[in-house]
Amino acid sequence: MSSITIGPTARLSADPSERSALLFWMIFTGLSIFAVILLWRFGLIHLMLTSDRTYISSVIAVLYIVTCGHCFLRTRAIAREGAAARRCRAVLAAAGGSKALDTSATSLPRGLVRDHIESLVTKAAAQDYRPVDQTLLLRNLADRLRGSNGFGAFVSDTLMKLGLLGTIIGFIIMLAPIAGLDAADKVAMRSSMGMMSDGMAVAMYTTLAGLIGSILVRIQYYMLDAATQRVFSDAVVLTETYVTPALERRHDG
């Protein structure tokens, strides 16, 4: 993702992307809660929970709620890292901002970006301020920014598989009465039809819950990954524009 910078002031006022990451999550979650309220109001959620004798739908719902909490914490952390990166940029872009590197960047706002800049300063000093290759350090920064974002992909896949598990169990329940079915026994026929109906309900509701939960988790973590990538891209631009040139000038001086 590329960005065009026209001065530090314009950049700070025109870049609410990381700050809006938490807002997007809240809007998405608000719409999801509104949809759940509507479904509960019309009795559909209660029908699903009472029809699913395996309680797989309940497990999916609980796991989804826990995952939403994790996504919120990660989104808030990324929003804070984005704000810290912008403050670092403001300090370094100001007149005499390179002096902030004299104290190993400890005067910059705390965050992963500052830690990366500190590592750059330390590496540059160790090699007598010759041109710095920050490829490995950037990989480390990307891993630290990504953190536990992979939990979202794991949960999304797990929800899908739980739905499929419910489908298999539902079909087993549905087909179990067929082996001993006696067409002449009307009472047994009605009982068998009831069991087949229960099995079909389990299969359909668990599959539906798994699919919806998986899709919603994917959407949330897609927004989180996009915000994380923006913070990383800004860190790369920041270090390549202000940090490494300042460090290399010390070698020339």
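Biologist: At what angle do the axes of α4 and α7 cross?
Modeller: This is a predicted model, and every value here is computed from it. The axes of α4 and α7 come within 10 Å. Their crossing angle is roughly 175°.

Biologist: Are α4 and α7 roughly parallel or roughly antiparallel to each other?
Modeller: The axes of α4 and α7 cross at roughly 175°. Angles over 145 degrees count as roughly antiparallel. The pair α4 and α7 is therefore roughly antiparallel.

Biologist: How many charged residues are in the contact of α4 with α7?
Modeller: From α4, the residues that meet α7 include Ile56, Val59, Ile60 and Leu63. On the α7 side, Phe151, Val155, Leu159 and Gly163 are among them. By class, the contact of α4 with α7 has ten nonpolar and five polar residues.

Biologist: What is the relative accessibility of Phe151, in helix α7?
Modeller: Phe151 touches Thr67, His70 and Tyr221, leaving aside residues up to four places away in sequence. The C-alpha atoms of Phe151 and Cys71 are separated by 9.0 Å, though the two are 80 residues apart along the chain. Phe151 counts as partly exposed, at a relative accessibility of 27%.

Biologist: Is Gly210 buried or exposed?
Modeller: Gly210 has its place in helix α8. Leaving aside residues up to four places away in sequence, Gly210 touches Ile60, Leu159, Met160 and Gly163. Its relative accessibility is 1%. Under 20% is the cut-off, so Gly210 counts as buried.

Biologist: How are α5 and α6 oriented to each other, parallel or antiparallel?
Modeller: Helix α5 spans residues 112-126 and helix α6 spans residues 135-146. They pack at an angle of about 160°, with their axes 10 Å apart. That angle is over 145 degrees, so α5 and α6 are roughly antiparallel.

Biologist: What is the handedness of the crossing where α5 passes α6, left or right?
Modeller: The residues of α5 that meet α6 include Leu112, Val113, His116 and Leu120. Their partners in α6 include Leu137, Leu138 and Leu141. By class, the contact of α5 with α6 has seven nonpolar, two polar and three charged residues. The crossing of α5 past α6 is right-handed.

Biologist: How far apart in space are Glu248 and Arg130, C-alpha to C-alpha?
Modeller: Glu248 has its place in helix α8. Glu248 is partly exposed, with a relative accessible area of 28%. Leaving aside residues up to four places away in sequence, Glu248 touches Tyr129, Pro131 and Val132. Glu248 and Arg130 are 118 residues apart in sequence, and in space 5.9 Å.

Biologist: What is phi of Tyr55 near?
Modeller: Tyr55 lies in the loop between α3 and α4. Tyr55 is exposed, with a relative accessible area of 55%. Most residues other than glycine have a negative phi. Phi of Tyr55 is positive, near 65°.

Biologist: What share of the 253 residues in the chain is buried?
Modeller: The chain has eight helices and zero strands. Residues 24 or more positions apart account for 78% of the contacts with a separation of 6 or more. Buried residues make up 40%.

Methods:
Residues are numbered from 1 along each chain as its sequence is written. This is a predicted model: local features need pLDDT of at least 70, side-chain atom pairs count only at pLDDT 80 or more; totals for chains, interfaces and linings use all residues. Side-chain values use heavy atoms; hydrogens and water are left out. Axes are lines fitted to C-alpha atoms, for helices over the stretch in contact, and angles run from 0 to 180 degrees between N-to-C directions. Helices (H or I, at least four residues) and strands (E, at least two) are DSSP runs, numbered from the N terminus. Angles under 35 degrees count as roughly parallel, over 145 as roughly antiparallel, 65 to 115 as roughly perpendicular and the rest as oblique. A crossing is left-handed if the near helix is turned anticlockwise from the far one by less than a right angle, and right-handed if clockwise. Contact means heavy atoms within 4.5 Å. Ala, Val, Leu, Ile, Met, Phe, Trp, Tyr, Cys and Pro count as nonpolar, Asp, Glu, Lys and Arg as charged, and the others, Gly among them, as polar. Buried means under 20% relative accessible area, exposed over 50%, partly exposed in between (1.4 Å probe, protein chains only).
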